[in-house]
Amino acid sequence: MGNRSSEQQIAKFESLRREVEELTTFKIAYEAQDELVRAFISMGRTSATSQLMLKSMLLQAAKMASKLSQAEDCSLFLVNSDNVVTDSVLARGATIREQKESLIDRVLDKGIAGWVVRNRQVGLIADTMQDSRWLNLPNQPYTVRSALCVPILRGRTLLGVLTLTHSQPNQFDKRTAHLMQMCATQMTLALDNVRLYRQDQEHLPATPSPAESLPVETVRESLSEIGIYIINDRGKFVYANPRFLKIFDYKISQLAELQSVLALVQSQDRDRVAQEIEHCLNGHLSHLSCEFKGKMSTGEVLEIEMSGTRTKFYGKYSIIGTVRLLNHS
């Protein structure tokens, strides 16, 4: 009897340890997002062009990822719907354009980044000398013995690829990979804000006067469009940020009392959204991405875009993601 009690206590302690570890990971990921958002707002105040802002965000994201993973070098590619690189930060630093494009093409063809693009999953290499997915480039100015490559996804759409490297083998493990996956989700939110900012700039006159340039308030408005949520394996809310609450006109206490997130979905879309969520939680879909008619606490109908990624929270599968208001009917 005593042995069974001791085993139960050990199991309970181990469960609590995993929960604390997962909460710590969430905290680190959200702090990383906060750092990127602050950098975004800071760039907005300088009236920077969208291209300069994007490059700054890429550098900031690469620096943040290197620090959190203790990597020595970091490369970050953004890709379009055809998996063509549109922007990048290379570990080897600045290179002439033709050389840079050639290096990227080779990595996406035969390297670990290409493997991640094709498989839409994390690539973890303990030792590059024993893994065929690693491609050594000509005149490579640094030594790589271990690598971690993470896809940056928005729903099912691949936005980019983050590659972290170290000169010693076995520097990255599954815990680091999990942390960087969560941070990649936060990068998606930050990079999406840059996309919104770029769209705002494109709608401005071709030669705006200083008074017509995009104000900081518009930047903040773009940031405020994103609602963030976490739901558990039963669809109940674990977390919702202030924007999420404002979109649906709920208090956090009211949201916690809902049976599931489906209470925010109009009846005609409920089965479809429930199926998407179930498939994501079960692992049949790696990411959740759907649009539906939602409803506010007042009963007013909303057009909602919802994205999410399966993760673990308190030892159980959950979904962390974002919602965006498409239009107000």
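In what order do the five strands of the open sheet stand?

## Sheet order and basis of the model

The five strands form an open, antiparallel sheet in the order 2-1-5-4-3. Strand 2 (85–89) and strand 3 (123–125) lie at the edges with a single partner strand each, so one side of each has no neighbour in the sheet. From one strand to the next, the twist averages 15°. Strands (E, at least two residues) and helices (H or I, at least four) are DSSP runs numbered from the N terminus; two strands pair if DSSP finds at least two bridges between them.

The model is predicted: local features need pLDDT of at least 70, side-chain atom pairs count only at pLDDT 80 or more, and totals for chains, interfaces and linings use all residues. Residues are numbered from 1 along each chain as its sequence is written, and side-chain values use heavy atoms, with hydrogens and water left out.

## Pairings of strand 1

Strand 1 (residues 73–79) pairs with strand 5 (residues 157–166) in the antiparallel sense over six bridges. Cysteine 74 has leucine 164 of strand 5 as its bridge partner.

Strand 1 also pairs with strand 2, antiparallel, over four bridges, and leucine 78 stands opposite aspartate 87 of strand 2. Five residues separate the strands of this hairpin, in which asparagine 83 has a positive phi near 60°.

## Helix 4

Helix 4 (residues 112–119) packs on the sheet and touches strands 1, 3, 4 (146–154) and 5, contact being heavy atoms within 4.5 Å. Six of the eight residues of helix 4 are buried, that is, under 20% relative accessible area (1.4 Å probe, protein chains only). They are Ile112, Ala113, Gly114, Trp115, Val116 and Val117. Arginine 120, with a positive phi near 55°, follows helix 4.

Methods
Axes fitted to C-alpha atoms, helices over the stretch in contact; angles between N-to-C directions. Buried < 20%, exposed > 50% of the residue type's maximum accessible area, 1.4 Å probe, protein only.
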